Amino acid sequence: MSEASATASFRSLPVRPILLAIAVLVAIAVAIFAGGKVIAQQMVSGLMLGSIYMTVAVAFTLTIGVLNFLNFTIPTLFMLTGMVAWGVLSRGYLSVAGGWGWLLALLIGIAVAVVASLIVERFTFRYLKTRHGDATEHAIPLVSSLGFLLIFEHLVLIALGSEAQRFPVPFKADLYAFGLVIGLPQLASLLLALGIVATLTYVLKRTRMGRALRTIAESPDTASLLGVDVARIVPVVFILTGLLSGVAAALFTVNYGDVSPFMGEHIGTKAIAAMVLGGLGSVWGAVAGGLLVGLAETLSIHFLGGDSVQMVVWGLLLVVIILRPQGLFGASAIGKAKL
Amino acid sequence: MLLEVEGLDVRYGRTHAVKALSLQVADDELVTVLGANGAGKTSLLRALQGLVPASAGRIRFGGVDITRMSPPERLRQRLALVPEGRQIVISLTVHENLLMGAYCRSDSDVRRDVEGVYDRFPNLAARRDMPASVLSGGEQQMLAISRALLARPRLMMLDEPSLGLSPLLVERLFDLLRNLRADGLAILLVEQNTQMALEIASRGLVMELGKVVLEGPSEALASNDRLAAAYFGHAAQHAG
């Protein structure tokens, strides 16, 4: 009995996020004292970039964890948010909103991503599942989501052109701490991204809906036996996917100030790397993976030049999965760990 | 009659798993379905809960036609299934598994009922916040049954609950089923343990290749030669 309660209280502590926060702080402190400010500054930028990868990686993790579905439309949802926001803003539709037009534009972009995600659910996932049941597992939803990726991308190309565009961000405020420059939008992004992930973790672990989602992740049949209307809950996953991708894109747009019809592909591939690096199916794994990929990217640009980024990121991924196939935070073998 | 099944057919592609099966269970009755592996018992229960569609026939439960209802809708009619292999959600804790049992409920008695489970099974109480994967086979079966009971069913169906349990635990399981029946719960029990199932059941059905070949009061079935034949004679011939 005493052994049981000891284990229980240990389990209820959010161990992984705490470890992660400590690791990040220690790394930055070491960088400041040992490597000098330039490297520490790169690490700060890396973490900010990583917070965007992390948000997209969590979107991937959610669909993989609950639905066993690698959703290739996520990069498109990301791009849709940025391009739609730029589109409505640049055509002056939002002049009524005055100085807040940029924010309204981004919110519209996020809403479009959510709607697009629901369209994907309706016409790939739900249609295929109800028509053909388990025969369609993995390959067909995956390929049809790839189809949606290209269709949405080319719709945007036709409607808004293929050029990268400046998205006017009205504010630029920096914070100075320990001799480092921290962009206020960047800091806000990191906090917002972490807040979203923490909320999502809470929903998954502590609510009725979260328990239902985790049960579906393990066995849709059992969930159905316990009274979970699986077909009604699946759209929730797609809404969350659209929201996470859209919010990540809004943060990216505010921080880097430009959008393009191809912005999703860059982010999407790195987010997939981040997810696998952190451990498939683990939300906090996606967080750790996202931050690591962001760090790897800015540090490799600093030390090795811009062309080295992909090699460093994917090289790191290969090394990690050779040494630890379940990823850094994955609980068990690939594909078995579920949220 | 609580459950009335008429002319039920279940097909998986070209396999005809259940053929024109009729079955009735009264309000506080314990009925057992016996038969060799592959006789169609599991298919019958899955079709009754709605996990596989009935290709023909009609299922009425509590006077309502549930033939076209989804499994969650049937659960809300208070028909529950404890599936083959228990199907505990191993990535959820013991407590979360129990809460999932009450997923279909919105009343305020859930907490009290979950505490009732812990009073009944102190082993589950001691492991309430551990992942359900740490439970032994017997504890998992207790969890699976408790989880089904938390939906407050009028009829509970169990698919081979004694499978893989030690003789001592099988005794405890059948005691539990006997008590539940005494409390007024109707039970439809699929079992391989013929002798013990017939001891607690009032009636039994014997299935062979998707059909009911024998039906009657338990005492009559226990002494019927055809029962042994269903397990060893015909089934073996067809399997061979």
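## Fold, contact and sheet

Among contacts in chain A between residues at least 6 apart in sequence, 75% join residues at least 24 apart, two residues being in contact if their C-beta atoms, placed from the backbone, lie within 7 Å. This is a predicted model, in which local features need pLDDT of at least 70 and side-chain atom pairs count only at pLDDT 80 or more, whereas totals for chains, interfaces and linings use all residues. Residues are numbered from 1 along each chain as its sequence is written, and chains are lettered from A and ligands numbered from 1 in the order in which they are written.

Chain A has 13 helices and four strands (DSSP runs numbered from the N terminus, helices being H or I of at least four residues and strands E of at least two). Of its 339 residues, 47% count as buried, that is, with 20 or more other C-beta atoms within 10 Å of their own.

Within chain A, helix H3 (residues 37–67) packs with helix H11 (residues 263–278) at an angle of about 70°, their axes being 8 Å apart; axes are lines fitted to C-alpha atoms, for helices over the stretch in contact, and angles run from 0 to 180 degrees between N-to-C directions. H3(A) and H11(A) are therefore roughly perpendicular to each other, a term that covers 65 to 115 degrees. The residues of H3(A) that meet H11(A) include A:Ile52, A:Val56 and A:Phe60, and among those of H11(A) are A:Ile267, A:Ala271 and A:Met275.

The contact between the chains takes 21 residues from chain A and 24 residues from chain B. On the side of chain A, H8(A) gives the most, with six residues.

| Set | Residues by class |

In chain B, six strands form an open sheet of mixed pairing in the order E6-E7-E8-E3-E9-E10, where two strands pair if DSSP finds at least two bridges between them. Strand E7 (residues 155–159) and strand E8 (residues 186–190) of chain B pair in the parallel sense over five bridges, and B:Leu155 stands opposite B:Ala186 in E8(B). Helix H1 (residues 41–49) of chain B lies across E3, E6, E7, E8 and E9 of that chain, running at about 145° to E7(B).

How values were computed:
Parallel < 35°, antiparallel > 145°, perpendicular 65-115°, else oblique. Buried ≥ 20, exposed ≤ 12 C-beta atoms within 10 Å, placed from the backbone.
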